[in-house]
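This report walks through selected features of the structure shown below. Keep the sequence at hand while reading.

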Amino acid sequence: MKSRSFTAYLLSGILLCCFLLTGCTSGAQIDQLAIVMGVGIDKGSAPDNYLVTAQIARPSHVRTANEGGAAQGKPYLDIQQEGKGISMAMYEMMRQMSRRAYLAHNEVIVISEDVAAETILPILDYFIRSLEAKFTVDLVIARGTASGLLAADSNLEQMPAKHLQNLLENQVKNASIEEMPLYKFLSDMLSPGIAPTIPIMELYTDETGIQNARVQGAAVFDGGTLAGTLSAEQTRTLQLVRDKVKSGYINLDAFGSYVSLDITHSKTSVTPRVENGRVIAKIRIRQEYILIDTGVQADITTEDAKAQLERLAAMRLIQSVESLLQDTKAQGLDVCGFGQMAYRKYPRQVEALLETWPEQYKALEVEYDVETVITITGSILRPMAPKGGEQ
Amino acid sequence: MFSFFKKRLRHSQIRKQAAEASRGPSPKPQTPVDASLAKNLHGIKALFGGSEDFVARPFLIRGERKAAICYVDGLVKSGLIHEAILKPFMIDSRLINDMDPFALASMEDVTAAFLVVGEVRAETDLNQAAEMCLNGDVVLFIDKMAEALVVNAKGWEKRAVTDPQTDAVIRGPREGFTESLRTNTALIRRRIKIPELRMDPITLGVRSRTHLCVTYIENVANPALVEEVKRRLHTIDTDAIINSGYVEEFIEDTPLSLFPTIYYTEKPDVVAGKLLEGRVAVITDGTPFVLTMPFLFMENFQSAEDYTVRPPIAFVLRLIRLLSFFISLVTPAFYIALTKYHQELIPTPLLFTMAAISDGLPFPSAVETAIMLAAFELIKEAGIRLPKPVGQAISIVGALVMGQAATQAGLVSAPVVIIVALTAVTSFTSPTVSDVTTILRWFLLVLATVLGGLGITLGLLTILVYLASIKSFSTDYLAPFAPLQTPDILRDTLYRAPLWSMRTRPASLKPFDAIRQKMSKPNFNDNQRPGRGERRR
Amino acid sequence: MNAKSRISGLQFFTVTACFLIGTFLRITSITSVLANDAWVSVFTGAVAYLPFLAVFLGLVKRYPGKSLFEINEAVFGAVAGRILSCVYTYFFTMILTTTLLDMANFIVGFIMPGTPITLVLAAFMVSCVYATRKGLEPLARISALLASGACLVLVVNSLLTVANADTRYLFPMFTLPFLRYVQGTHTTISLYFGESIVFLTLLPMLDTKTDIKKPMIASLLFAVVIAFLAVTREILTLGPLLPYVARPSYETMRIIDIETILTRIESIYAFIMISLTFFKACTLLFASASGIAQITRIESPKPILFPFGAFVVVFALQTYPIVGDFLYWSSNVSPFIFTIIEFILPLLTLLAAWTKGFIGSSQRLHVKKGAVRK
């Protein structure tokens, strides 16, 4: 018995050694990979075609902490290819590349406005199904061409794709936009009663003639199609309604000059209710400020002055929300997600309404309850200014 | 073809021998001591042949009765022979007026009133007497007495008690065992001063007649364990036991395995500690390494140092050792799996660095790592036996060649050198387990090359299952992790709990008396609340 | 295999716990049926399972220390009992095959695309056979480690996904038609809790004095807690994506994105999944081999393991060459097959045992009910 089991193990050992010779076909050394950092999608020359731009890193030209130093030249390479679908374009692209495209470190997917105006779902399908691609890759809509955006000057970063992604992250910090990773966009798209948004970036030429990228508002989607855009101001308001504001500022015109208030604390809660087959949303905003800058010479820290400023701030908030709602109601796009909130709370009553939510949204009533408080006024009590005529 | 392997290994035959437990050493020929002195001397001289160092010294008691002493020169204290044996018989006996040398009928009379030596024993077998000579005793024959007297006069050259070579500590005793059995037993007795500390003798080896001592504490060690150790020792029937390694190989549970199930140490305080936990020690004459059994896997990470430093520091040190073991085992395989199959796990900036570096390298990362690991093993093995003056130079050359030159020449990449260096350094934190990791990391390396992360996982699982299936003297090798024994884990495995909280002995050894101490946390500040134990009184 | 080594009650608990976590990580059908109300099926499943747990405990009480196959023969006699044992053995082989295939598809699909699936299955099976040949005692010993490791990973993963979790995804609750909840409960019982029947084959290894009730109930509770934690985490993180993804637990880990370092820790999930599947495969291998040994009256399953393992690999490759078919079968068809074998058969066995005892104790001559097979 002993020798038989020994035989068995020896045989299986030999077999396993044979496998050693074959190895695993998916194994690839690092220098056989083309690391794709960003993907751009434009409309192709033929109808129904996409023009895919892949921004591939050139590691030997990347300045890393390594002492060896980088070779001269751009640290990235843009390769373009047209195809009927993304995967077909990628396959065709391989014919130009000496290495396998590797999507695991892809930071950003840039989609041009024209493509988004039709539909972005077929594009996203490739990235969703792909096992290599990050599920958290950021989406960006480009005003203009995606390839142009990917060629923008990356002033502080090494690669434009990284620059774009860091741009997005930075904007989130001061609550001007909401970063939209792929999975989040899909979640919103699949939920009834909310219209997902993707940030818009555009190229602009500054004084020195260099082309830079900047964030300019957001694109609103209905299903998978671009349905409208929001301005930068409106996007900021959107963040306010979704309770994403952590810091920011408000500029008021009061007392003949400007008053700048820094937002220290902000909380928004939306309470929906259903009355007579209509949804009424009550928006409660509470913000706290400190006074950071003013051009008013008089003392505005008195109770009256503060009350007046607070009222002005509240009015400003309400105005911005109203303007946002007006625009979006005109197009029937519920960006803030009132429908979804109502459905979560009153599923049976709202379920029927959700069928035709774009229409219902136009009849949405909103009540406001805004509370603004100026807590501190800085380290000085009143502006330091010489009194007229006195020494 | 496979019978070729079978014959070579003879493993099954070793097993069969061990199973025949009743076989002990083959019986020796017996020759009784004769009453005639001449016959005895003739017999014993014949046994030794013409060996020069065997001395047979005849003399007369009180000038009348014939007697003789036999001993082996170099093994005895000459002073003792002259002063304590020859002088009383030859000179002092004349000082007693009415002493009749022919009145001495048996050795009892001799030892009762006459002989001034401590350890004496009567002996009736000539061969046994000869063996006693070889152990450093003096054999006394008296004419017309059918007994011989064996007198302990051991006094050979032995090494003084010095620092142990293998186990270095910063704080703690620096005595190490020597090659002499009696010195070693004394070193242990000095630390456990109760009569229940048993030293049961056993002689093994047909031609070496080596003395061993099975040491245990009577009411602490599990009696079944002691029985088992003795039983296994009695099955040894071999030519010679030169050092304790031989004993280990004959009685261990896993003869062919990489993992040792018996521990050896040079330090008496370590042995004392293990005896108090309920283990059994075997001391072998002729070697300073004492065996302790059973031996569990977690003991690899315990060192004597742990018990002399403060608890928080001991905690960190223990964790470092465990972590080092794991790192030293898995790192090369993990690196290969990462660079070959799982590049998505590497942070992007690092990926760029590695991609830039591996541009233009001749070998894939698996081959690189294998080359560097092999080079390191070669340097390590050579370095063990280097004479001191040359050692420094060779190690510098080795480091320079491996590290700098290979990287700069473009043969290997810098990350690989770092990985191998890390592996090397961490393999020395627990010296007892470093041999094991040396071999196992190759196994994992091959698995990682073929199957990546899956290979490493399967390899680790297989090793884990193998470890769980080993028993050391009926104690599970991975206790107290597998099976889970919570009090032990909290006391002395992953970390060392403070000494005052170690109330019981490790349960995995099934000690006879489990309670070690009744102390509680020391609290000598009178203003505060009474400590936990005090409240119960 | 060794008559001397035994498993304690605590080890039995950890063995069952390990097995159940391994089962849970595999199945997706719970969440695909009930979407954001999936957590309900965990509790309703546990409650619905209790009667069947009672059936098992009843059988064990009647025949202490005997494995499932021995109980069959004791109740139904040698021939009918062996036929029943054949059914059970086939069932265990089926679960083993599906588990292996699931894991292999996962590895080939997600972790290392391009690997020939034969290689994965063969390598895996070699390790399983090696481990099982030593008996299940070493595995039982390390099960504590595996189970704690898996729990730790689960907890840490849940903590890491808190940042991406959105409690609104739980709502609206209870909006689906009632029949879906029934379906979800049924799936949970048959694919998750019901696999506990395997533990009946491990009974001979227990210490004769251990009470099996406490470990079984403890493991049931453990299974509920783990399932609840995992399912809730998936609902909160994935929300509306839940019915669409193939493997929710895996996808939740893909979403974790902390700085640039912890972006792809789903490989840790893979590691845990492989370890737990290894454990589960070893247990099932042992169960099936014991069944065969019992049927063919071989003393110990050791010699069967190697050829049987090879057979399972080939069987797995041949039966479901297409992944899509396999997924469809395991979500929609297998719950019903499993229900019959996991619940109806033991129930019949227990009833037959009761009847036998009833007849025996009142010493009446009746046709033994056990001889009638439905």
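Buried area is the accessible area, taken with a 1.4 Å probe, that two parts lose on being put together, summed over both. By that definition, chain A and chain B bury about 2200 Å² between them. The model is a predicted one.

## Interface of chain A and chain B

Carbon and sulfur atoms carry 70% of the area that chain A and chain B bury. The contact draws 27 residues from chain A and 23 residues from chain B. On the side of chain A, A:Gln29, A:Ile30 and A:His105 lose the most area to chain B. Together they make up 26% of what that side buries.

Polar contacts come to 2 residue pairs, with both residues at pLDDT 80 or more. Helix H1 (2-22) and strand E1 (33-43) of chain A each supply at least two residues to the side that touches chain B. Helix H1 of chain A gives the most to that side, with 5 residues.

## Interface of chain C and chain A

Chain C also meets chain A. Here 27 residues come from chain C and 27 residues from chain A. The buried area is about 2700 Å², and carbon and sulfur atoms give 62% of it.

How many salt bridges are there between chain C and chain A? The count is 0. On the side of chain C, four helices each supply at least two residues that touch chain A: H5 (78-111), H6 (117-133), H10 (248-255) and H12 (302-319).

## Chain C: fold and aromatic pairs

Chain C has 13 helices and 0 strands. From the N terminus on, its elements run α-α-α-α-α-α-α-α-α-α-α-α-α. Of its 374 residues, 60% are buried. Take the contacts in chain C between residues at least 6 apart in sequence: 82% of them join residues at least 24 apart.

Over all chains, the structure holds 30 aromatic pairs. One of them joins C:Phe13 and C:Phe222. Their ring centres lie 6.0 Å apart, with 80° between the planes, and the pair is edge-to-face. C:Phe13 sits in helix H1 (residues 9-26) of chain C and C:Phe222 in helix H9 (residues 213-238), so the pair ties together parts that are 209 residues apart in sequence. C:Phe222 has a relative accessible area of 19% and is buried, because the cut-off for buried is under 20%.

Why does the pair of C:Tyr192 and C:Phe193 count as tilted? The ring centres are 4.7 Å apart and the planes stand at 45°, so the pair is tilted. Planes under 30 degrees apart would count as stacked and those over 60 as edge-to-face. C:Tyr192 is buried, at 0% relative accessible area. C:Phe193 is buried as well, at 1%.

## Chain B: ring cluster and backbone

In chain B, ring pairs link B:Phe259, B:Tyr263, B:Phe295, B:Phe297, B:Phe301, B:Phe325, B:Tyr466 and B:Tyr477 into a cluster. B:Arg232 lies over the face of B:Phe473, 4.3 Å from the ring centre.

The backbone of chain B has some points to check. The peptide bond from B:Met293 to B:Pro294 is cis, with omega near -5°. B:Pro294 falls in the loop between strand E10 (290-293) and helix H11 (311-340). B:Lys144 is not a glycine, but has a positive phi of about 70°. B:Lys144 sits in the loop between strand E4 (137-142) and strand E5 (148-152). B:Lys144 is exposed, with 59% relative accessible area. B:Arg209 also has a positive phi, near 45°. Its loop runs between strand E6 (197-204) and strand E7 (210-217). At 23% relative accessibility, B:Arg209 is partly exposed.

## Chain A: two local sites

A:Arg214 lies over the face of A:Tyr204, at 4.1 Å from the ring centre.

A:Thr235 belongs to helix H8 (residues 232-241) of chain A. Is A:Thr235 buried or exposed? A:Thr235 is buried, with a relative accessible area of 2%. Its side chain reaches the backbone oxygen of A:Ser231 at 2.6 Å. Leaving out residues up to four places away in sequence, A:Thr235 touches A:Ser176, A:Ile177, A:Gly217, A:Ala218 and A:Leu230.

Conventions
Residues are numbered from 1 along each chain as its sequence is written. Chains are lettered from A and ligands numbered from 1 in the order in which they are written. Side-chain values use heavy atoms; hydrogens and water are left out. Rings of Phe, Tyr and Trp (its six-membered ring) pair if their centres lie within 6.5 Å; planes under 30 degrees apart count as stacked, over 60 as edge-to-face and the rest as tilted. Buried means under 20% relative accessible area, exposed over 50%, partly exposed in between (1.4 Å probe, protein chains only). A charge sits over a ring if NZ of Lys or CZ of Arg is within 6 Å of the ring centre and within 35 degrees of the ring normal. Contact means heavy atoms within 4.5 Å. A salt bridge is a side-chain nitrogen of Lys or Arg within 4 Å of a carboxyl oxygen of Asp or Glu. A polar contact is a pair of N or O atoms within 3.5 Å; within protein, one must be able to donate a hydrogen and the other to accept it, and residues adjacent in sequence count only if both atoms are side-chain atoms.
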